[in-house]
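Dear colleague,

Please find the structure below for your records. My findings follow it.

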Amino acid sequence: DHVQIQGECGADVVGFAAIHHLLQVIQHESAEDGYTGYHNRNHQAFFAQEKFKPLAGLELTSGARYDHYSSGGTRVTYRLGAAQTMGNSRVRSSVGTGFKPPVLSDMFNNSAFTIPNLNLKPETNTSFDVGFDHKIREKFEFHLTGFLNQIDHVIVNQQVAGMKYQRVNAGQRRVRGIESAIGGKPFEQLALKSTLTLTRAKDQNTGKRAPNIPFVRGTFEAF
């Protein structure tokens, strides 16, 4: 079992051609291992983001996040972005880092089919993307984004004995791809949205394609 309680509070302040956003997150997690009872973890995070508009059409974004786990340590991650608008078009790019600790059930769950792993490391990642947005006749919008992610200490399932599995760190995973989206309202009572994503994900330790990440994924919505 896994229980999570979360609370957030935030504030926006506008001034000096900049927008400041502050957010605090408080979480409490609990998991039962089936043998020794419940294990608990508290998580507190602070996130700050600032947007600047130094020139007409240019927007710069910087953000930083501080995470502290009662069992899992402390990490600071960041994100930087820039976007330039020119008429009906916009070019954008961003780079950032991320941090994802293992959930408690991955570390402590002990059952007929799973073995706990108290030595799991958090996943960390560095990401980069560049994109292009364009408005078509004020009714439709087109978006195209290329992305590259590098994930270290990626957590996967591994068969260790018979029918027993264990969550383990499997080294580095690289994910790259292209995402396109088009949407709009051809009529007042109808909105359409379609997306298409092509993704190549490879686990560096095996040289094979990463599991459970489809090469082609698409959606279509009408509402």
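Arg-174, Arg-176, Arg-200, Lys-202 and Arg-209 together form a positive surface patch. Patches consist of residues with over 30% relative accessible area and no salt bridge, like charges being joined within 9 Å and nonpolar side chains (Val, Leu, Ile, Met, Phe, Trp, Tyr) within 5 Å. A salt bridge is a side-chain nitrogen of Lys or Arg within 4 Å of a carboxyl oxygen of Asp or Glu. Accessible areas are Shrake-Rupley values with a 1.4 Å probe.

This is a predicted model, in which local features need pLDDT of at least 70, side-chain atom pairs count only at pLDDT 80 or more, and totals for chains, interfaces and linings use all residues. Residues are numbered from 1 along each chain as its sequence is written, and side-chain values use heavy atoms, without hydrogens and water.

At least two residues of the positive patch come from each of β12 (172-187) and β13 (190-203); strands are DSSP runs (E, at least two residues) numbered from the N terminus. Arg-176, in strand β12, is exposed at 52% relative accessible area (exposed is over 50%, buried under 20%, partly exposed in between).

Met-86, Val-91, Phe-132, Leu-144 and Ile-178 make a nonpolar surface patch of about 420 Å². Met-86 belongs to strand β5 (residues 73-86) and is partly exposed, with 48% relative accessibility.

Finally, an open sheet of three strands runs in the order β7-β11-β10 with mixed pairing (pairing requires at least two DSSP bridges). Its edge strands, β7 (114-115) and β10 (155-161), each pair on one side only. β7 pairs with β11 (residues 164-169) in the parallel sense over two bridges, and Thr-114 stands opposite Tyr-165 of β11.

Yours sincerely

Definitions and conventions: Lys, Arg positive; Asp, Glu negative; His and termini not counted. Charge placed at Lys NZ, Arg CZ, Asp CG, Glu CD. Helix = DSSP H or I, 4+ residues; strand = E, 2+ residues; numbered from the N terminus. Buried < 20%, exposed > 50% of the residue type's maximum accessible area, 1.4 Å probe, protein only.
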